[in-house]
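Dear colleague,

Please find below the structure that I am handing over to you. My notes on it follow.

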Amino acid sequence: MDFKRNATAQRDIDRWNEMQEKARKEEEYYDKLREEGSKAKKNTSNVAYDILTLQYNQDEVGLNQKYADDMVRYRAAVRSNQLVINGDTRAGYNIISGDPREKLRNPDPVPRPMAFTKSELSSARRPY
């Protein structure tokens with residue numbers, strides 16, 4: 001009877017030691033993550049645009065993002081003009097009202113962003 005009680009007590013002590021060891025390792029793991037800061041990086045934006053101020057970041061990545069967005073708008077305007085030209089009548093006047101038709105003008109191409117130098121990057125003001 002005494003042997004069985006000792007064995008149960010020892011098993012219980014071993015179980016508590018294992019749980020304490022597991023808790024210690026888990027705490028070390030989280031301390032390590034806090035020191036590295038790798039989990040906090042998940043909260044950073046993947047886009048060079050601040051949704052609060054509605055402005056692009058004032059760096060090379062921000063300029064490239066603005067250029068890409070402007071190119072999307074430019075291509076949409078050109079595509080819209082092409083749809084009007086190809087999908088409408090070829091007459092030089094409005095066939096319903098008889099008014100002269102306005103000549104469609106394509107938007108101006110978007111200029112490529114100039115690369116920043118290191119001094120321009122350090123002096124560029126962040127929008128927030």
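In what order do the elements of the protein run from the N terminus on? The order is α-β-β-α-α, with three helices and two strands in the protein; helices (H or I, at least four residues) and strands (E, at least two) are DSSP runs, numbered from the N terminus.

This is a predicted model, in which local features need pLDDT of at least 70 and side-chain atom pairs count only at pLDDT 80 or more, while totals for chains, interfaces and linings use all residues. Residues are numbered from 1 along each chain as its sequence is written, and side-chain values use heavy atoms, without hydrogens and water.

The mean pLDDT (the predictor's confidence in each residue, from 0 to 100) is 83, and 88% of the residues reach 70 or more.

Of the 128 residues, 8% are buried, that is, under 20% relative accessible area (1.4 Å probe, protein chains only). Among contacts (heavy atoms within 4.5 Å) between residues at least 6 apart in sequence, 53% join residues at least 24 apart. The protein exposes about 11500 Å² (Shrake-Rupley method, 1.4 Å probe), and carbon and sulfur atoms supply 54% of this area.

With kind regards

Conventions:
Buried means under 20% relative accessible area, exposed over 50%, partly exposed in between (1.4 Å probe, protein chains only).
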